[in-house]
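This report covers selected residues, ring pairs and an annotated site. The structure comes next.

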Amino acid sequence: MADQEAQENPTPAATPAAPPAAPAATPAAPPAAARPKRISHRGRTAGARVSSNQQEGKVEEFEPFMLMPRGPPPLKEFLDIWDVDVLKRPQEINKQGHHTHLYSSDFLIVRRAQEFQIKITFDRPYKPAEDKFAVEFVIGPSPQYSKGTYIPVFPTEDRQSVWRGRIVETSDNVVTMGITTSPECIVGKYMIYIGVVTPYGIRRTRRDPSTDIYILFNPWSPADAVFLDDEEEREECVMNELGIIYHGAYDDVSERAWNYGQFEFGVLDACLFIMDKADMPLSNRGDIIKVTRVASAMLNSRDDDGVLVGNWSGDYTYGVPPTSWTGSVEILLDYAGSRGTPVCYAQCWVYAAVFNTFLRCLGIPGRVVTNFFSAHDNDGNLKMDIILDENGKLDRNRTKDSIWNYHCWNECFMARSDLPPGFGGWQVVDATPQETSDGLFRCGPASVAAVKHGQICYPFDAPFVFAEVNSDVIFYRRQKDGTLEVVKVNPTHVGRMVLTKAVLHDGRRDITDQYKFPEGSPEERRVLEKAEEFGCQREKASLPRGDVEVEIPNLDVRVGDNFDVTLQFKNHSEQRRTADVYITGTVVYYTGVPSAEVVFKTPKIKLDPLQSTDEKVLVRGEDYMHKLVEQANIHFIATGKIKETGQIITAMKVITMHNPKLIVKVTGSPRVSEEMYVSVEFTNQFKFNLENVDLRMEGPGIMPFKHKQYSLIAPGTSITWTETFSPRRAGSTKLIASLDCAALRQVYGETDLTVQQ
């Protein structure tokens, strides 16, 4: 504190002794079990890597300026500190002004680039002309001023550091000090010390964990890289604990509620632990791009023991089925509580929802986005290939590309100082492990504006996101000699619709126009040409427009019902047409991967000139129920060849079965701390037993996660599960419940609740 340069390392942390070196004559490395898990930094760096927010360096209570004689120096005449009050209660100025009053934490939580206040009580009135003191902020085991891990804050204008301080008020022995952190400071948990300068050295307060302070990103501050200049958007994308995740099909959208729970007890510490687990240097944790990029890798477990294990197999014996989760809190607390054991299991919407909790908890505006008919391109082109035989019949063995019925990812809001102007704002980040980026399974941040305008040369992973919303579906006819002929191109199927939750209400918001220009517009053509300049390949075959069309209209079907699939044929020519048609209905995972065929028909269709005709195909519940996989999707593909012209006709439709709902009821007086009751009701309407049924329930701010299992629910039997709860805070919220078992996935229910003070 005498000089900032002298405070580079106020008290270095003790460096552990290096392990003894292996004998020089050792011919081979020891077996894996005998090798040390962590190799010493000795000989490589001057100190260990500073990448833990949990480790603490020792800071001396007295730091002498010179060699001192034995015994304590005479310090009674100098300023002494009796108490430090960081004003951390939810109703006090700091948490209210920094929008952190909802966090269930006993610590002070503030946002960077905005002033907060602390009160310091001395043993006598403070004399600015004589007394010199500073508030010292320390993070990590080896604090250094140059690394941003040690910051002294001075109360006078003539002496300031990277954080600014000022005296707000003086009353007797109490000084109220205002402190404004820098907009680039490290996000994490800091220790606070008060240091007083004496002629002999610096006298500090003792380590007091109760004064620790969390500093977060600040979307309310124009100086912060995450600044979002829209109060309603901030309220939705930072402060809202409840979300809606869209799934199903673009013309039959389903939705489910999710408890992000970013303010729940322990979640903030879990988010900081994720960065510790990633071995992320503390000095990088103020950079929003680096934080989101590391988190994108750490939310999946593929290569770094991250938070969630992905599983699309349908076998969830050793974990929780992805369809069973109702919120992020249990997942994050389990991961942090086990010191980094990955949690089983997740699919794309679970990755996106937990990532959203991470973003909002740290103060980064975030939202979950669903892209309907999402192409997962891994070979650098914009083509999804479907192979037909010479007669127009689908060749399942040679068709390897799959189009996900939907895919969920995240958007976070940030300035992109590394890109040209205009490419900041919403950025795609995706934690679902699909392709590697710089050696790890992660994606983004990719500028949404860059994706829309075809500027896919900009980091990170923009070509992959561009292909997810812009790929063409190419139908090839395979000749007997193995060559492929393009017979149809569908440029509108992929990226059909992009949805996110509306701002401050439960409606949908279509943001497709933020990712792409209207199909067939001149702007879209220019974008595709621009993408080609950067290496994306697309099909340029120019095919004549056929005179026969086929469509499959949407259906609303409940699981277990019999239903008819209708094929609507239209003949636009003035001549008769005959078509040999192949209709395939296949149970598919939501990733588009086929599981089992349930329908195969080969009707011959005769069309009079300028006429239309319908062909109905009956699908019986008994034929598909025992073959259904989770999310209950059947993919119908109709292909055929017009006898007179050789034209290939195609149509595709995903029919999503609708599951029964849970009935959630609340009774009691909806007031803070008043006991209330919630019941979940379900009736087995099917003709088979439901075994090992898992029920879950939670509500942000009112009810922690609850869990119950039923070994058997027989056909026609009803169950009622009742729990008590006492709301912890006032406001509008929801209770969310799910039911899951091997025979029936994705059964949900919810109810709204407004709690009075």
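Is asparagine 470 buried or exposed? In this predicted model, asparagine 470 has a relative accessible area of 9%, which is under the 20% limit and therefore counts as buried. The residue belongs to helix 8, which covers residues 462–470. With neighbours within four places in sequence left aside, asparagine 470 is in contact with Val494 and Lys516.

**The annotated site**

An unreviewed UniProt entry carries the annotation "binding site" for Asn470, Asp472, Glu519 and Glu524. These residues span 55 residues in sequence, but no two of their C-alpha atoms are more than 13.2 Å apart, so they gather at one spot. From this set, Asn470 and Glu524 are part of the lining of the second largest cavity.

Glutamate 519 is placed in the loop that runs between strand 26 (508–510) and helix 9 (522–533). Its relative accessibility is 33%, so glutamate 519 counts as partly exposed. Not counting residues up to four places away in sequence, glutamate 519 touches Pro491, Thr492 and Glu524. There is also a polar contact, at 3.0 Å, between the side chains of glutamate 519 and lysine 516. Lys516 is one of the residues in contact with asparagine 470 as well.

**Further buried residues**

Glutamate 539 is in the loop between helix 9 and strand 27 (548–551). With a relative accessibility of 18%, glutamate 539 counts as buried. Residues up to four places away in sequence aside, glutamate 539 touches Lys383, Ile474, Tyr476, Val486 and Val489.

Valine 110 is part of strand 3, residues 108–111. Its relative accessible area is 0%, so valine 110 is buried. Not counting residues up to four places away in sequence, valine 110 touches His98, Phe116, Ile213, Tyr214, Ile215 and Leu216. Glutamine 160 is 50 residues from valine 110 along the chain, and the C-alpha atoms of the two are separated by 20 Å.

In helix 5 (residues 329–337), the buried residues include Val329, Glu330, Ile331, Leu332, Tyr335 and Ala336. Arginine 339 follows helix 5 and has a positive phi, near 60°.

**Aromatic rings**

How many aromatic pairs does a search of the whole structure find? The search gives 23. In one of them, the ring centres of phenylalanine 563 and phenylalanine 636 are 6.4 Å apart and the ring planes are at 90°, so this pair is edge-to-face. Phenylalanine 563 is in strand 29 (residues 563–571) and phenylalanine 636 is in strand 34 (residues 633–642), so the pair ties together parts that are 73 residues apart in sequence. Both phenylalanine 563 and phenylalanine 636 are buried.

One aromatic cluster is formed by Trp312, Trp349, Trp404, Tyr406 and Tyr590.

| Charged end | Ring | Distance from ring centre |
|---|---|---|
| lysine 189 | phenylalanine 107 | 4.5 Å |
| lysine 708 | tyrosine 710 | 5.5 Å |

Methods: Residues numbered from 1 in each chain as written. Predicted model: local features only at pLDDT ≥ 70, side-chain atom pairs only at ≥ 80, totals over all residues. Heavy atoms only, no water. Phe/Tyr/Trp six-rings, centres within 6.5 Å; stacked < 30°, edge-to-face > 60°. Helix = DSSP H or I, 4+ residues; strand = E, 2+ residues; numbered from the N terminus. Buried < 20%, exposed > 50% of the residue type's maximum accessible area, 1.4 Å probe, protein only. Lys NZ or Arg CZ within 6 Å of the ring centre and 35° of its normal. UniProt positions renumbered as here; feature names shortened; annotations may be inferred. 1 Å grid on protein atoms, 1.4 Å probe; cavity = no way out; pocket = protein on both sides within 12 Å on 5 of 7 lines; lining within 4 Å. Contact = heavy atoms within 4.5 Å. Polar contact = N/O pair within 3.5 Å; in protein donor to acceptor, adjacent residues only side chain to side chain.
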